[in-house]
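Dear colleague,

Please find below the structure for your review, together with its sequence.

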Number of protein chains: 4
Amino acid sequence: MDDLKVVVIGGGSSYTPELIEGFINRYDELKITELHLVDIESGKDKLKTIYNLSKRMIEKANVGIKLFQTLDRQEALKDADFVLTQIRVGGLDARVLDERIPLSHGIIGQETNGAGGMFKALRTIPVVLDIVEDIKKYAKKDAWLINFTNPAGMVTEAVNRYGDFDRAVGLCNVPVNMKNQFAEIFKVEPDTIELDIVGVNHHFFVTDIFLEGKSSIDELLDMYVSGELQNTPTMKNIESLQWSKSLIKSLEAIPNPYLNYYFMTKEQLQSERDQYEENNVRAEEVKKIEKELFEEYADPDLDVKPKALEERGGAYYSDAACSLVDSIVNNRRDIQYVNTLNKGTVTDFPYESVIEGAAIITNDGPKPLNYGKIPYKLNGTLQTIKTFERMVCEAAVTGDKDLAIAALTLNPLVDSDTVANSVFKEMFEAHKDYLPQFDQE
Amino acid sequence: MDDLKVVVIGGGSSYTPELIEGFINRYDELKITELHLVDIESGKDKLKTIYNLSKRMIEKANVGIKLFQTLDRQEALKDADFVLTQIRVGGLDARVLDERIPLSHGIIGQETNGAGGMFKALRTIPVVLDIVEDIKKYAKKDAWLINFTNPAGMVTEAVNRYGDFDRAVGLCNVPVNMKNQFAEIFKVEPDTIELDIVGVNHHFFVTDIFLEGKSSIDELLDMYVSGELQNTPTMKNIESLQWSKSLIKSLEAIPNPYLNYYFMTKEQLQSERDQYEENNVRAEEVKKIEKELFEEYADPDLDVKPKALEERGGAYYSDAACSLVDSIVNNRRDIQYVNTLNKGTVTDFPYESVIEGAAIITNDGPKPLNYGKIPYKLNGTLQTIKTFERMVCEAAVTGDKDLAIAALTLNPLVDSDTVANSVFKEMFEAHKDYLPQFDQE
Amino acid sequence: MDDLKVVVIGGGSSYTPELIEGFINRYDELKITELHLVDIESGKDKLKTIYNLSKRMIEKANVGIKLFQTLDRQEALKDADFVLTQIRVGGLDARVLDERIPLSHGIIGQETNGAGGMFKALRTIPVVLDIVEDIKKYAKKDAWLINFTNPAGMVTEAVNRYGDFDRAVGLCNVPVNMKNQFAEIFKVEPDTIELDIVGVNHHFFVTDIFLEGKSSIDELLDMYVSGELQNTPTMKNIESLQWSKSLIKSLEAIPNPYLNYYFMTKEQLQSERDQYEENNVRAEEVKKIEKELFEEYADPDLDVKPKALEERGGAYYSDAACSLVDSIVNNRRDIQYVNTLNKGTVTDFPYESVIEGAAIITNDGPKPLNYGKIPYKLNGTLQTIKTFERMVCEAAVTGDKDLAIAALTLNPLVDSDTVANSVFKEMFEAHKDYLPQFDQE
Amino acid sequence: MDDLKVVVIGGGSSYTPELIEGFINRYDELKITELHLVDIESGKDKLKTIYNLSKRMIEKANVGIKLFQTLDRQEALKDADFVLTQIRVGGLDARVLDERIPLSHGIIGQETNGAGGMFKALRTIPVVLDIVEDIKKYAKKDAWLINFTNPAGMVTEAVNRYGDFDRAVGLCNVPVNMKNQFAEIFKVEPDTIELDIVGVNHHFFVTDIFLEGKSSIDELLDMYVSGELQNTPTMKNIESLQWSKSLIKSLEAIPNPYLNYYFMTKEQLQSERDQYEENNVRAEEVKKIEKELFEEYADPDLDVKPKALEERGGAYYSDAACSLVDSIVNNRRDIQYVNTLNKGTVTDFPYESVIEGAAIITNDGPKPLNYGKIPYKLNGTLQTIKTFERMVCEAAVTGDKDLAIAALTLNPLVDSDTVANSVFKEMFEAHKDYLPQFDQE
């Protein structure tokens with residue numbers, strides 16, 4: 001490859017500096033020639049701030065990446081090799097509603113699970129499908145879409161099922177975070193660890209962990225069951241609750257931290273209700289953090305990624321994206337954890353669905369390592385979320401309100417069909433400007 | 001067949017008169033020669049009452065069935081052709097605990113779903129497996145076990161997986177009840193209707209209905225969605241709540257009434273909590289009904305099945321059992337709805353698991369009609385319950401407390417791993433005398 | 001149903017009198033009001049002979065079936081309820097070539113297996129797909145297509161995969177013939193027997209046999225292995241060869257007679273080569289038989305089906321078709337053996353493929369009894385033929401010569417890729433007038 | 001790992017020098033401390049010759065491998081880390097019979113396909129299962145068995161299904177040979193190429209080829225179809241025949257050279273018959289080559305692997321084994337082509353069967369890359385051979401002659417059930433001393 005053009009859609013995101021740092025660090029082996037930051041009109045100011053900071057970072061690092069900012073997505077996509085999507089349709093204000101409305105009805109509000117995640121998907125999927133159409137029209141024939149917009153699993157599922165495009169990879173930072181935390185537990189370097197994971201984005205289990213290739217899940221489970229290890233991995237943005245030893249011992253697997261929402265629903269709901277009362281749900285907190293970050297970014301003396309960014313829930317997302325681009329370009333065949341087509345990798349999931357799992361990354365994209373059958377105890381909860389994802393994707397594309405309501409009713413975080421109907425109605429009213437695919441009545 | 005010996009284990013059940021009536025009505029084509037009512041020491045009095053009533057019924061009907069009562073199960077099983085099990089380990093007092101303890105922890109208590117159903121399974125499965133051992137030792141080589149003890153699905157699953165016995169059929173009255181209610185809706189005779197159902201005992205959906213063989217699901221859904229039909233079928237013992245039109249329209253299926261527990265959890269829980277406060281949970285109500293029934297049964301002038309029996313939630317169970325025996329003996333090849341081995345009938349369920357579905361009944365037992373894939377929207381909830389069933393069956397056989405707790409945590413009616421642990425602990429203490437397979441500490 | 005219109009395409013076939021007899025015999029319960037015999041220009045004379053004989057038969061039987069003959073297919077199809085197809089594209093002369101050309105290259109020539117069957121499929125499938133288009137345009141919305149044109153399996157597969165039509169059933173007389181022969185062996189009435197069969201048209205195994213519902217396969221296998229039974233069922237048109245006891249004992253199944261071609265290839269080939277030398281291959285013999293039959297049919301005094309017809313290989317085909325129509329119209333729910341969509345009935349076959357198997361016949365069409373996994377020993381040969389069928393269907397629709405050649409190479413009756421190429425070339429030249437979908441070069 | 005003990009069973013094989021060379025070349029990264037060559041009494045002389053040559057090679061290379069020779073297998077296995085099996089039960093004389101007897105009945109004789117391969121499996125499987133028992137008793141708990149005894153697929157299948165041992169990997173040189181030949185075609189280094197292969201040992205297809213990760217199968221197929229490329233890869237020991245362009249174009253895959261036996265049966269048989277007449281079947285030729293090789297080996301001045309060894313059909317087998325040992329020990333995670341448990345890798349093959357496919361090699365053994373569904377055109381032939389393999393494995397373990405005969409009848413290289421019976425009988429007589437598991441009558 002002589003030139004390498006990367007386009008970042010949602011370039012004005014507060015996470016972009018991590019991306020810039022990632023590309024700078026890998027420049028020796030991944031010579032990006034052009035990097036285009038694209039955003040929409042309402043994000044123009046943030047885009048400018050990010051562009052300026054990125055420019056200072058690139059200059060300081062003295063690497064040959066040509067940087068651009070634009071609001072013209074189609075122009076930017078011309079001959080692109082990689083398109084990275086990190087968008088937030090409706091912005092943080094929409095996220096506040098995603099969290100607060102469900103809580104006002106007594107159910108969990110959260111941007112990737114339940115009612116909140118569903119509405120984020122309904123807003124995002126049509127926009128990403130539009131981007132895919134542009135990629136097919138303007139980008140290089142073999143361009144890749146790397147999506148790390150949440151809910152990353154559903155977005156990737158929708159692109160695969162409805163976008164007539166098979167070069168999309170979804171990324172999430174949870175597997176990498178868990179890997180890093182396991183490395184601390186075992187006191188080894190993260191890159192000596194590999195995981196077997198089974199499930200979908202934000203809803204998977206670690207069923208084995210390999211230290212220098214050696215299966216060590218039994219040792220890990222024993223540490224937890226014996227009490228030597230107090231907590232399984234957590235995320236910055238999720239309250240840490242301790243699973244019972246009975247659960248871990250029986251499942252023979254480590255749930256990812258987001259499963260708190262499903263297996264500690266009562267406590268999680270109580271905690272979110274408290275935040276709700278204090279007008280401090282996660283989205284409201286993030287708004288404050290973002291404000292501070294952008295103030296920091298605007299400092300003309302800043303020419304590196306600020307430390308504060310690492311403290312956020314989304315840390316490592318962008319670095320994971322850089323790694324993925326690098327491994328595709330350089331055919332590295334290393335193992336990464338991505339959202340990609342199942343094709344029988346997990347035999348119990350639909351063949352045409354997207355899973356989150358271990359894959360070697362090649363120039364031809366991710367090649368999942370075979371997984372086999374879902375351990376039977378994990379099957380119910382995993383299928384439930386896959387069903388939910390598929391219903392939401394279909395509703396997002398068809399604009400079928402009944403289907404969206406039914407998806408909510410079947411979601412384990414929603415405790416009644418009646419509640420599902422009321423929540424849907426109120427949220428639809430709140431978000432309808434971003435839901436043009438639905439009948440606006 | 002020259003002689004036909006039928007053994008009823010739990011012969012002292014208040015439902016037995018329906019069974020007697022069923023055999024009397026079918027006597028022309030199903031000539032039972034010996035009918036043995038078996039019970040345990042603590043049920044001796046009830047057994048005697050039932051035996052006497054049954055004797056009067058048989059004499060009045062003037063059929064040649066020889067009737068016996070006994071506490072010696074093994075003796076009764078000698079050369080049996082059919083063994084019917086309708087037992088209640090721990091009696092109604094245990095059922096009261098199954099319902100009240102979970103409610104005291106804020107979750108649904110119910111004898112076939114959630115914590116209550118799990119403990120009923122833990123108490124019942126080892127007893128039924130003992131009966132199976134006796135059948136293998138004493139009954140005829142090709143004897144059939146017809147189980148209608150709840151939870152009928154899990155009991156049949158356990159016998160198939162752990163009992164090394166493939167001639168067990170599980171029965172439930174819900175499909176028959178739904179069929180009868182559909183017949184009323186369409187104003188036709190029940191025997192002109194057939195259903196496509198998919199799922200497991202107490203957790204299935206009707207995905208098609210055939211009137212004289214003609215697919216009429218669209219007509220039925222339209223009636224519901226248009227408002228012409230106010231309610232889908234209900235059960236005597238389950239509060240009737242109306243599903244939203246969005247749910248029915250999207251699922252393109254009619255949920256069985258027990259799905260109220262899962263899709264109307266909030267309202268169902270509230271209603272049960274009210275009964276709890278009034279000391280009138282279902283088990284407490286049933287105790288009163290049973291007392292009245294037995295008083296009626298004791299009347300030496302009574303020589304037919306009392307009408308009151310038809311008002312109970314378990315009505316038609318016994319008649320369904322008589323139909324099943326008849327169709328096996330006479331190789332009728334008619335369609336009945338039974339719990340039987342999946343073997344690929346529903347391709348998404350485990351091959352070796354038990355399903356509830358439509359089968360033709362032959363002398364070689366039930367032959368399920370092929371179903372195919374689970375409609376994707378129904379897959380999550382169905383797999384969740386199948387996972388729960390399998391975990392409970394394994395725990396019942398192995399006495400693994402951790403596994404039982406994990407099963408509860410994964411059950412959608414239990415809102416937290418912490419709650420699952422507390423509820424298990426208290427229920428285990430309450431029922432431990434009936435749970436010898438578990439460590440008694 | 002007030003009126004019932006049946007259209008027979010290929011009405012001039014010598015088998016039609018059996019069909020007429022079948023409808024006459026069932027008239028009490030299956031009141032066909034109009035019966036249209038359709039044929040093409042070149043079959044006008046035969047059609048007239050058949051029409052006249054049929055008219056005499058109907059008059060003699062004094063039933064109210066109105067009979068019509070026509071060359072206008074579309075007119076005949078108007079408002080039809082059932083369309084029966086029994087056509088022979090290219091006539092018996094084409095069949096002679098189907099048999100003789102392969103034999104001249106040293107491989108088996110036969111109208112349903114190998115090169116001969118493939119070319120019959122290539123000629124027939126486009127014509128049947130045309131008929132399907134006409135049915136969709138002119139017939140009643142819920143009309144059924146009953147196809148008994150060979151190769152019946154491939155034709156039904158093609159209609160299901162490429163015809164956008166799901167109301168086609170394929171019929172063959174082999175299962176019925178086997179059932180009749182088993183009845184003789186066990187000295188019982190055929191209608192007290194049911195079979196488990198697994199496979200596709202002309203390539204299936206009987207894996208169980210039920211006498212009054214009782215599994216009797218072990219008894220049947222023992223009779224064969226012990227030597228008490230000398231031969232398994234045969235067909236009129238296939239030389240009877242004795243399978244080795246080792247084969248039957250190990251397969252635990254009875255192969256249908258056509259499997260002679262695959263497991264007795266050497267002997268079968270030798271025998272066909274002899275017929276080839278004597279200018280007396282099956283097609284040549286059939287030509288003589290047909291000539292005689294039509295002479296007999298022309299006799300104005302004949303007003304019943306001639307006995308001679310029962311001696312032919314295709315006997316019982318038409319009667320099976322009458323049974324099928326009857327069971328659909330009257331929602332009989334009896335078991336018949338038909339070619340229908342798999343949909344997971346046999347879990348190892350493709351979900352969207354057609355199988356030959358046991359189904360209950362309802363007003364909504366055939367509902368296969370679940371079969372489950374293919375016994376592993378039978379899997380290879382069955383998958384090989386299913387692969388062949390799918391390749392041939394695709395080639396018939398797309399006109400892809402390379403694919404047709406590859407299908408031949410993979411067929412076990414063809415002993416070399418080189419031979420496959422030569423045979424294809426010569427046969428294509430011979431049949432090209434009937435293969436307009438292929439490039440004519 | 002401090003010490004690394006490797007045991008070679010069949011150490012007296014003429015291929016051992018390649019193995020020694022492989023270990024010498026990798027010594028820097030793979031420090032084998034002890035290498036034990038084990039053989040049986042009748043191979044004592046050859047073992048001695050090999051031992052002496054190996055000793056000279058190791059001394060010349062000046063590496064720290066301690067070399068041993070012994071006839072005491074159990075002693076040698078004590079605390080072994082790796083056990084390599086390269087045995088030939090019955091020696092080359094048995095192979096001569098494997099080839100000549102079938103040819104005398106008019107069918108292909110060959111040591112891995114058809115009757116010859118079956119008898120090799122029947123002789124070998126029980127011996128390898130004995131070795132497995134010894135490994136479980138004497139070797140380290142996490143010892144690996146690397147089998148490259150033919151038929152490698154069946155031997156590995158048998159160890160997995162019947163040996164209660166899941167640390168066996170089967171190896172073959174065909175995929176490596178094909179990779180090397182593709183490298184020549186594309187004029188690139190072999191290690192820049194990866195393949196997608198689907199099937200079983202000696203019966204697989206290459207369905208994609210990646211040059212530096214880039215899918216290039218279309219380019220390869222075009223080269224063949226356009227005539228630019230005359231031949232697909234071949235093997236030293238298999239006559240090279242040219243597939244038709246139609247076949248390659250339609251299959252969209254490159255058959256491995258052994259598929260000549262199946263798709264060029266006629267020509268292959270003719271060529272073998274010629275060799276038969278000249279008393280020069282492959283086994284007879286190999287006997288001569290071996291004699292010459294051992295004369296060369298005995299030369300006390302020889303201290304490197306002789307060039308002549310590379311000209312043999314089995315070249316690269318041993319080097320592949322060294323690579324595999326190296327990648328396991330060093331957790332290399334590189335892609336190799338091995339025989340390993342399917343576990344859903346290829347969704348259409350049995351879950352518990354062994355496949356030959358691409359896997360990354362880790363310290364926990366091979367982890368196959370997911371493959372997905374078998375392309376439908378390849379399914380029939382692949383399932384046929386898998387069925388054959390499973391029947392042969394079962395017959396080898398149970399000593400069921402009928403099953404072995406049925407396996408032969410179903411094998412596409414055998415043209416009749418009658419021939420299968422005769423060939424089996426004669427071969428059984430010839431080999432009976434090595435078939436103690438069968439009734440000797």
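**Contact between chain B and chain A**

In chain B, 35 residues are in contact with 35 residues of chain A. Please bear in mind that the model is a predicted one. The area buried between chain B and chain A comes to about 3,200 Å², and carbon and sulfur atoms give 54% of that area.

Turning to specific interactions, two salt bridges are counted between chain B and chain A. B:Asp402 forms a salt bridge with A:Lys249, with 3.2 Å between the closest N and O atoms. Polar contacts between chain B and chain A number 35 residue pairs, both residues being at pLDDT 80 or more.

The elements of chain B that give two or more residues to the side touching chain A are α9 (245–251), α11 (265–277), α14 (376–398), α15 (401–410) and α16 (417–431). Of these, α14(B) provides the largest share of that side, with eleven residues. Sorted by class, the side of chain B that touches chain A holds 14 polar, twelve nonpolar and nine charged residues.

**Relation between chain B and chain C**

Chain B is superposed on chain C by a rotation of 180 degrees with 0.0 Å of shift along its axis, and the RMSD is 0.0 Å. The two copies are therefore related as by a two-fold rotation axis. The same surface serves both copies, since 100% of the contact residues of chain B recur in chain C.

With kind regards

Technical notes
Residues numbered from 1 in each chain as written. Chains lettered and ligands numbered in written order. Predicted model: local features only at pLDDT ≥ 70, side-chain atom pairs only at ≥ 80, totals over all residues. Heavy atoms only, no water. Contact = heavy atoms within 4.5 Å. Buried area = accessible area lost by both parts, 1.4 Å probe. Salt bridge = Lys/Arg side-chain N within 4 Å of Asp/Glu carboxyl O. Polar contact = N/O pair within 3.5 Å; in protein donor to acceptor, adjacent residues only side chain to side chain. Helix = DSSP H or I, 4+ residues; strand = E, 2+ residues; numbered from the N terminus. Nonpolar A, V, L, I, M, F, W, Y, C, P; charged D, E, K, R; others polar. Least-squares fit on C-alpha atoms with pLDDT ≥ 70 in both.
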